[in-house]
Amino acid sequence: MLADGPVVLRPYRRSDAVVWSQVRRENQAWLAPWESAMPGTWHDLNSPAAFRWVYRDQRRSANSGEGMPFAVCLRDGGEERLVGHLNVGSIVRRAFCSGYVGYWVDSRVAGRGVIPTALALAVDHAFGPGGLHRVEVNIRPENKPSRRVVEKLGFREESYHVRYMHIAGAWRDHIGYAMTSEEVALEGGLLARWHRLRAGGD
């Protein structure tokens, strides 16, 4: 488990199925425009039954070292509730030591620093115990809230991927952001950088 203030990153549990489904279904309008999806309705693809497949796939990727999946939770009044997801995936080792980050968050807690904090926690974990040297995030140009997350944390914009991923019926362009471990090492990590930015009023 990783935590900073009220934000907690932890492995998924089988018991998350119902709340995961509720959050995903209630956020269809917020999430669907940005996500690739298999054939089927949003309701069916985000059902408690569908979560069982998601859970198995995430455990497989974690056990094989290909991914670092986390449930993003928020502690509030002694309760801990699932409000999002973050994964460091497509991990390649050896001379590359890199992975891609993807995330989503419940619209009801967007703008409260949950995902920037979660991303900072995950990146520090990836660069530390995870043994990675580089992380990348690819975001559609139109997705300004998600771009703001990586830009405020200091990810470099370094590429433009034309027709990168099939989403919502078409091949969509993405902007590529990246960060290496050296870029935050002297600051004590990405979370330390994020704390300083927040203290400065960002």
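Is Phe51 buried or exposed? I began with this residue. Phe51 has 1% relative accessibility, so it counts as buried. I note that the model I am reading is predicted.

Next I looked up the aromatic pairs. I found three of them in the structure. One of these joins Tyr12 and Phe51, with 5.9 Å from centre to centre and 55 degrees between the planes, and is tilted. I then checked where the two residues sit. Tyr12 is in the loop between strand S2 (7-10) and helix H1 (17-26), while Phe51 belongs to helix H4 (residues 48-64). They are 39 residues apart, and the pair links distant parts of the chain.

I asked why Tyr12 counts as buried. Its relative accessibility is 9%, and the cut-off for buried is under 20%, so Tyr12 counts as buried.

I moved on to Trp20, which also forms an aromatic pair with Phe51. I read 5.3 Å between the centres and 50 degrees between the planes, and this pair is tilted. Trp20 lies in helix H1 and Phe51 in helix H4, 31 residues apart, and here too the pair links distant parts of the chain. I looked up the burial of both partners: Trp20 is buried, as is Phe51.

I then asked which residues form one aromatic cluster. I wrote down Tyr12, Trp20, Phe51 and Tyr55.

My last entry concerns a charge over a ring. Arg24 lies over the face of Trp104, and I noted 4.9 Å from the ring centre.

Notes. Residues are numbered from 1 along each chain as its sequence is written. This is a predicted model: local features need pLDDT of at least 70, side-chain atom pairs count only at pLDDT 80 or more; totals for chains, interfaces and linings use all residues. Side-chain values use heavy atoms; hydrogens and water are left out. Rings of Phe, Tyr and Trp (its six-membered ring) pair if their centres lie within 6.5 Å; planes under 30 degrees apart count as stacked, over 60 as edge-to-face and the rest as tilted. Helices (H or I, at least four residues) and strands (E, at least two) are DSSP runs, numbered from the N terminus. Buried means under 20% relative accessible area, exposed over 50%, partly exposed in between (1.4 Å probe, protein chains only). A charge sits over a ring if NZ of Lys or CZ of Arg is within 6 Å of the ring centre and within 35 degrees of the ring normal.
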